[in-house]
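Open the model in your viewer and keep the selection tool at hand. Each stop below says what to select and what is there.

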Amino acid sequence: MDASAKEDKAERGRAADIAQLSTPPDSEAATEDEIRELEHVAARPPARVWLAATIGMAERFAYYGTLTLFQNYLQNSPGDLIPGAMGLGKSHATTVNLAFTVAVNLLPLPASILVDGRPGRYEALQIFTGIYALGSAILFGTSFPSEMRSGVALIGFIFGSILIAVGLGGVQASVQPFVADQYTEQTMRIRIRKNGQRVVESHELTIQYIYNIYYWMVNVGSLGSIATTLMEKYIGFWSAYLLDLCAVVVAVVIVHLARPKFVHPVPQGSALPRAARCLWYAARDGFSLDAARPENQLEKYHRVVPWDKEFISELRRALSAFEIRYFSLIPIPGVASNGSSIGWPIFWVCMGQGAQVSISQAGQMETHGIPNDLTKSSNPIAYVIFGVLVQKQLYPFLQRRKIRFSPVNRISLGFFIMSVAMAYSAVVQAIIYRSGPCYSYPLSCAASGGRTPNRVHVLLQLPTFVIIALAEVFCWPTGSEYTYSHVPKSMKSTLQACYISTAGLGYLLGMGLSPLARDPLLVVLWSVTAGMMFMTACAFRSHFDSTSDTKENGDMLKHKVHSIPLGARPVSYKLEIHVALGSYPRLGGDNNDQIHNVLDLNTEAVPLGHASVPVHVMK
């Protein structure tokens, strides 16, 4: 192998025996006119994308299969109408359940330091899937009836859940960017369909498609909760935890045996410690990233910092993407947000209510032999159906008519739909409270004897999970796709981990609402959650509406420039870029940096208003 081939191999971060690109390398590269005029489609992902997504599917099978059991396992005693193990009661069980979920979703952030560090994403998957398997084995081994009677089940739950949370944190920080890493084509190429139509394979649409595949598969995996709830009811908790353990073992086997098939990105080293230090310096100087520049730190504090101006620009781009991911009240240096609420954490508050409180709600209704935690499994079934319809029908329909359904629009729609789901749950709870025999205190009156629920059929709850699934289809893949596509390589795992951590913050906020998770206050709980989500959706849409179009135009221009074929000789072009600088108040820094960040190019200084920017590219 010659030197140039070795450099190319290192740059792409490939294993020695990696599979070929999804698009044949000799296929025709699209010209700028073709990029502008032809229909854009997603490329066909290579088989290794599906294989990597299967790891996520197995992990989600085990996670949702286990988490679904926790509410009954913690809330009820072995002799209750709905058997359990700990007998903590509804409020305490919900708090513990949410605490576990918070840990699972916050741990990816510190784990991302290891993931982006020396081991890299692949070896991190090897390590953390092993830890996950160990925790599942402990939980299984201490869930037999004899262990419940002796008190060993409590000890096993504590140690097992801690190991599962650590393992899950590392897996989540690794697997989402690892799936997208398996698609390595950067050039926009021409595909000729069977009917002779020429279309452009878009990198942006392909990443969107890959994350739709990933979330579709993890929702298929989460259907494992159907099997575990039935096994819990008719066999015992130990059998359900055994099935979850087997799913984790499948993930471990795939990670180890499929090593030759995967793309192995070269570890970039974690940017999180440097970014945290940079943001700290920026926060101390009025929340300005310009203050953290090396020359400013040296001049003002006589301090030499381990980053350069390019790192500041990358960090500003990452924070701009993170603003859409987080939509936070917290001042972000260099991103002057004026958002009136936090978007994604509130979304996850709603997810937490749907995951935990809804199980208790089903326990207050007539189940007719259906386990109270089984109706929740309709959510992934609905997601699988909606996911296919949206990806295969809605998105292509809009693309053919050149209607851009932007990430901001998708997320906003998902937020509004989620508020509808919470409002419907409030209506269901009100119906429960108006039904006998116990009305506002289900299972607590003398007429019930603790065993007769209120006379409301459990299937009335079903639309809640279907509506939540539709909201997830528009929100989940969009969040991961946007985070992966709009941040520098050195920060992909870190920003994915930050995205996941919004779930942890959301569940933490949900713990603050847990005092309302009791009768007769559940209508108030659902109503408050619905109101918070609706207000958040309105604020999110209003906040990002003024900047989304201009940002997306910059993204399209960036893709066009990067898609110009590399070849024989350099040619200087002059791109006429019309930038409405007033649309970028949130990027921070001087105006020139704002334009540089949008284009991701090293250009000369750009005057205000309409500008002609000389760009050096290869033809």
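Start with strand β2 (residues 189–192) and strand β3, which pair in the antiparallel sense over four bridges. Strands here are DSSP runs (E, at least two residues), as helices are (H or I, at least four residues), both numbered from the N terminus. Two strands pair if DSSP finds at least two bridges between them.

The model is predicted: local features need pLDDT of at least 70, side-chain atom pairs count only at pLDDT 80 or more, and totals for chains, interfaces and linings use all residues. Residues are numbered from 1 along each chain as its sequence is written, and side-chain values use heavy atoms, with hydrogens and water left out.

Stay with this pair and select Ile-192, which stands opposite Arg-198 in β3. Between the strands of the β2 and β3 hairpin lie five residues, and Gly-196 takes a positive phi near 90 degrees.

Next, select residues 198–202, strand β3, where four of the five residues are buried. Buried means under 20% relative accessible area, exposed over 50%, and partly exposed in between (1.4 Å probe, protein chains only). Ala-42 has Ser-202 in β3 as its bridge partner.

Now go to helix α8 (residues 152–181) and pick Ile-158 in it. Is Ile-158 buried or partly exposed? Ile-158 is partly exposed, with a relative accessible area of 40%. Select Leu-154, Ile-155, Phe-159, Ile-162 and Val-166 as well: with Ile-158 they form a nonpolar surface patch of about 540 Å² of accessible area together. Patch residues have over 30% relative accessible area and no salt bridge; like charges are joined within 9 Å, nonpolar side chains (Val, Leu, Ile, Met, Phe, Trp, Tyr) within 5 Å. A salt bridge is a side-chain nitrogen of Lys or Arg within 4 Å of a carboxyl oxygen of Asp or Glu. Accessible areas come from the Shrake-Rupley method with a 1.4 Å probe; for residues, only the protein chains shown count as cover.

Then select Cys-438 and Cys-445, which form a disulfide with sulfur atoms 1.9 Å apart. A disulfide is a pair of cysteine sulfur atoms within 2.5 Å. Their link is left-handed, with -70 degrees about the S-S bond. Cys-438 is buried at 7% relative accessible area, whereas Cys-445 is partly exposed at 24%.

Finally, show the whole protein chain, which has 21 helices and five strands. Buried residues make up 56% of its 619 residues.
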